[in-house]
Amino acid sequence: MTALDLSSPVAVVGTGTMGQGIAQVALVAGHCVRLYDAAPGRAQDAADAIGARLDRLVAKDRLAAADRDAARARLLPAESLAELADCTLVVEAVLERLDVKQELLRELEGIVGEDCLLATNTSSLSVTAIGGALANPGRFVGLHFFNPAPLLPLVEVVSGFATDVTSATRAYEMARAWGKTPVACADTPGFIVNRIARPFYAEAFAVYEAQGADPATIDAVLRECGGFKMGAFELTDLIGQDVNESVTRSVWQAFFNDVRFTPSLAQRRLVESGRLGRKSGHGWYDYAQDAERDEPHTADKQPQPSYVVAEGDLGPASELLTLIREAGIPVREEEEDHGTRLVLPSGGQLALADGQTSVEFRDVVYFDLALDYRRATRIALSASQDTSPQTLTEAIGLFQALGKDVSVLGDVPGMIVARTVARIVDLAHDAVAKGVATEEDIDTAMRLGVNYPMGPFEWSRRLGRGWAYDVLEELHVREPSGRYAPSLALYRHAYASDKREGSTS
């Protein structure tokens with residue numbers, strides 16, 4: 001079944017931010033759009049707001065005036081649900097309450113024709129549960145747009161337990177015809193993006209709660225070392241702490257309080273205090289006009305070491321050897337059957353974060369995983385009270401010689417980027433193994449939905465087959481709550497034969 005014909009009217013029920021955004025997408029694609037809201041006058045207000053946004057697009061030369069006028073003519077506020085009877089698609093974007101959505105859809109089912117596709121834009125409720133109230137749940141599907149819908153390309157097309165394949169295909173093709181990038185997924189808590197993105201927030205908050213670093217430093221490391229567009233603290237301030245915490249709590253509860261999705265106590269306290277982020281003027285950061293900007297911890301300038309000794313293969317950090325040589329620092333390479341580390345002139349060691357702690361070894365400094373060591377502008381180091389000051393000084397000086405700012409954390413196993421990426425990779429493999437979505441769709445969803453620098457499977461291939469598993473195994477030994485226990489899917493991936501045909505990631 002193909003996408004809806006442009007002559008087919010579509011309807012949006014619920015005229016909040018998401019409802020208006022979805023209506024605008026359908027309108028610009030060429031459909032006649034009917035807006036309905038249970039509150040009197042709200043549909044007309046929404047139509048006026050959409051018209052104003054179209055005016056702004058014309059002013060920015062992103063929409064022709066004639067196309068704006070034609071779109072306005074196709075936008076019709078409705079005073080009752082009965083006016084939606086001839087629509088071939090109805091998308092509901094009402095209050096995120098199961099009973100409200102079910103009651104609305106039951107009413108719609110008695111109004112629209114049998115060929116009308118019914119859809120929900122829910123981001124947190126079960127599509128299966130919503131559709132369970134319908135006499136014909138086969139024509140019901142999830143269409144999860146991302147805010148702002150007119151700008152963000154991703155749409156998660158969610159099949160409930162009873163959704164017909166033809167309905168899901170029809171919704172998928174419709175989203176593509178509207179200029180969006182659809183991904184198909186099964187009805188699972190958080191769908192793709194809100195399921196797999198949880199560690200990005202959770203691990204940043206965990207490092208903070210363990211007093212490993214302050215929010216500004218953690219955010220800087222995620223951006224300048226990990227390659228993420230925003231850090232977890234600034235991003236949740238932008239989203240709204242109440243909104244982000246609610247999604248986390250919803251996913252956690254939907255997975256029967258699975259420890260991998262446990263909400264952050266620090267974030268709960270922030271919400272309870274009313275510090276909801278930018279919208280309230282204060283979250284993790286203070287947004288008052290005269291507030292001082294929080295700066296990340298950056299180490300003072302230190303002398304560079306006279307040489308380093310490379311023992312073993314540095315794996316994902318192997319590019320560092322080239323950078324060190326380019327900085328004019330001699331590198332002596334020694335073959336080792338175990339260990340992946342650099343030895344500094346003082347005899348101390350410098351190793352890539354692997355889930356172990358600095359306190360377990362006599363004199364070691366860990367450095368964090370970087371998306372690209374050449375382009376990274378900041379590197380995080382981790383040391384314990386047993387690390388000699390000279391080793392830490394040499395480690396700082398080495399990375400500063402490579403042109404990097406250096407942030408020194410507490411003794412944090414897995415650092416910041418390494419533990420975050422390992423957990424994202426693990427959840428992605430687990431999702432594929434459980435039939436949530438394909439590797440390709442997961443990578444697409446995470447790049448477009450939350451603007452990750454690369455998809456989890458792309459990361460997995462770059463880091464090597466066993467890297468994420470090994471990091472999580474070490475973290476699990478040190479915190480045996482189950483939070484870091486690698487999934488069976490990641491275990492199978494780590495130990496699968498490289499010789500199997502078509503082996504990837």
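Ala-351 has Tyr-366 in β13 as its bridge partner. The strand β12 (residues 349-352) and the strand β13 (residues 364-367) are joined by 4 bridges and run parallel. Strands and helices here are DSSP runs, numbered from the N terminus: a strand is E with at least two residues, a helix is H or I with at least four. Two strands count as paired if DSSP finds at least two bridges between them. The model is predicted, so local features need pLDDT of at least 70 and side-chain atom pairs count only at pLDDT 80 or more, while totals for chains, interfaces and linings use all residues. Residues are numbered from 1 along each chain as its sequence is written, and side-chain values use heavy atoms, with hydrogens and water left out.

Strands of a sheet pair through backbone hydrogen bonds, either parallel or antiparallel. The open sheet that holds β12 and β13 has 7 strands in the order β10-β9-β11-β12-β13-β14-β15, with mixed pairing. β10 (331-334) and β15 (405-409) are at the edges with a single partner strand each, so one side of each has no neighbour in the sheet. On average, neighbouring strands of this sheet are turned by 25° against each other, direction ignored. Helix α9 (residues 215-224) packs on the sheet and touches β14 (378-382) and β15, and its direction makes about 125° with that of β14. Contact means heavy atoms within 4.5 Å. Axes are lines fitted to C-alpha atoms, for helices over the stretch in contact, and angles run from 0 to 180 degrees between N-to-C directions.

Another strand to look at is β4 (residues 89-92). Leu-89 and Val-91 point one way from β4, Val-90 and Glu-92 point the other way, and all are buried. Buried means under 20% relative accessible area, exposed over 50%, and partly exposed in between (1.4 Å probe, protein chains only). In a regular strand the side chains alternate between the two faces of the sheet. Strand β1 (residues 10-13) runs parallel to β4 and is joined to it by 4 bridges; Ala-11 has Val-90 as its bridge partner in β4. Strand β5 (residues 117-120) also runs parallel to β4, again with 4 bridges, and Val-91 stands opposite Ala-119 in β5.

Leu-89 is also one of the residues that Trp-178 touches, along with others including Val-10, His-31 and Phe-145, not counting residues up to four places away in sequence. Trp-178 lies in the loop between α6 (165-177) and β8 (181-186). Its relative accessibility is 8%, so Trp-178 counts as buried.

Helix α15 (residues 417-433) has 17 residues and should span 24 Å at 1.5 Å a residue, which agrees with its end C-alpha atoms being 24 Å apart. The expected span is 1.5 Å times one less than the number of residues. Of the 17 residues of α15, 15 are buried. Just after α15, Gly-435 takes a positive phi of about 75°.

Helix α16 (residues 439-449) and helix α17 (residues 456-463) pack at about 105°, with axes 7 Å apart. Asp-443 is found in α16. At 6% relative accessibility, Asp-443 counts as buried. Leaving aside neighbours within four places in sequence, Asp-443 is in contact with Gly-455, Pro-456, Phe-457, Glu-458 and Arg-461.
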